[in-house]
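Please read them with the model open.

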Amino acid sequence: MNIPELRSDFFDLYGEVEKTPRIYFAPGRVNLIGEHTDYNGGFVLPCALQYGTYLLIRERADNILGFASTNFEFRTEYDFSGGFAAKQGQWTNYPMGVFDEFRKLNVRLKGFDMLFSGDIPNSAGLSSSASIEMVTAFALASMLNVTSLGMMDLIKLSKRAENDFVGLNCGIMDMFAVGMGSADHVIFLNCLTLEFRQVPFILNGYKLVIANTNKQRGLADSKYNERVAECKEAVDAIRPYFQLDHLGEMGFMQFFKIQDVIADERVRRRARHVISENQRVQNAVSSLLKGDILQFGALMNASHESLRDNYEVTGPELDTLVEEAWKIHGVIGARMTGAGFGGCTVNIVRDDVADKFILEAGKGYKEKTGLTASFYIGEVSAGPREINSETL
Ligand code: GLA
């Protein structure tokens, strides 16, 4: 990211070059395994990436928030004297939802001029939205000197912003992965208790390659909320026979024995995915701790199959990109990542076949779908931070 250029963009927008804005950064994330388990009180295994969102922010003397981004055309000035209201489909709902959460906590707000700039591809399932929320929350806590809010509070309030202000019933994984990111570690998180452990993720001889289908995720939000509702249906069907509030509380053997109490075959498959995926995350952590990366890759592949057949959130583009990856010797694991219905795949690829993978999987994907995939080498990175402008 070119910070001097961003600073000059900021001054073009807001003037007053003698008052330097502060600069904050929060990463995006990729989930390695444990998909659609977070809102079911299950396990996930994401990590923060080197890509993320930069926020240049400077205090103003009035009650106005200036929102601008180098990624979106839409910019606005918002007077928060009368509170906050979401505007259908605007990216500004993400930071504004965070401001509203600070307001609900009775934090005395101030006006700010802000410029956001992200190098995470938008709508690719790499949590550009959680990254925007977390960079806003982290910057606000710092600018307003709210020392009582620790990282866990910022994670929780960003999730509430997305659930209540933006209106997506997402789980906590994305904000957690962004907030608790640590270089060379994946985050093994129990989404029910929020207990977590940083597990070393050293890919000796392998690369983490992220492939973007570049398929627009149309309808993704409504389908996402539909899956959340189907999981609730599964819990209601199981509860008379087994005491639980979330599918993540049930082991796979228990589920296997009583699965027929879920009369609806589709709902039964949704539950089968969540409960088997939860087991796969735990097995994946054991494989990492043993240094068995091949086993880890096999679990990623099994995760994709279950998301395709049981949870039905993949679609032809993600399936094709994963199948093309599976064909290449030296790709030891490939699966969709994030909510699905488009977005990215995550792949563990042997160093010496990384170029071949990008070339051949890209070619096969283009032939079958007509779309051009983009590829990124993921580096497992740290969480939110202020960027000290003197060092630039
Ligand atoms: C999206 C949501 C997350 C999680 C994933 C699926 O990224 O924001 O909370 O549910 O989908 O695992």
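**Notes on the ligand site and helix packing**

1. Start with Glu 35. An N or O atom in the side chain of Glu 35 sits 2.6 Å from an oxygen atom of the ligand. A polar contact here is a pair of N or O atoms within 3.5 Å. His 36 uses its backbone: an N or O atom there is 2.6 Å from a ligand oxygen. For a backbone N or O atom of Ala 339, the distance to a ligand oxygen is 3.4 Å. The protein covers 94% of the 310 Å² of accessible area that the ligand has on its own (Shrake-Rupley method, 1.4 Å probe).

2. A caveat on the source. This is a predicted model; local features need pLDDT of at least 70, side-chain atom pairs count only at pLDDT 80 or more, and totals for chains, interfaces and linings use all residues. Residues are numbered from 1 along each chain as its sequence is written, and side-chain values use heavy atoms, with hydrogens and water left out.

3. The residues around the ligand (a heavy atom within 4 Å) include Arg 29, Asp 38, Tyr 39, Cys 170, Met 173, Asp 174 and Tyr 224. The shell divides into five nonpolar, three polar and four charged residues. Tyr and Cys count as nonpolar, Gly as polar.

4. Helices α2 (residues 93-104) and α4 (residues 151-166) pack at about 115 degrees, axes 8 Å apart. α2 is therefore roughly perpendicular to α4 (65 to 115 degrees). Angles run from 0 to 180 degrees between N-to-C directions.

5. Helices α9 (residues 293-309) and α10 (residues 316-326) pack at about 155 degrees, axes 12 Å apart. That makes α9 roughly antiparallel to α10 (over 145 degrees).

Note on methods: Polar contact = N/O pair within 3.5 Å; in protein donor to acceptor, adjacent residues only side chain to side chain. Helix = DSSP H or I, 4+ residues; strand = E, 2+ residues; numbered from the N terminus. Parallel < 35°, antiparallel > 145°, perpendicular 65-115°, else oblique.
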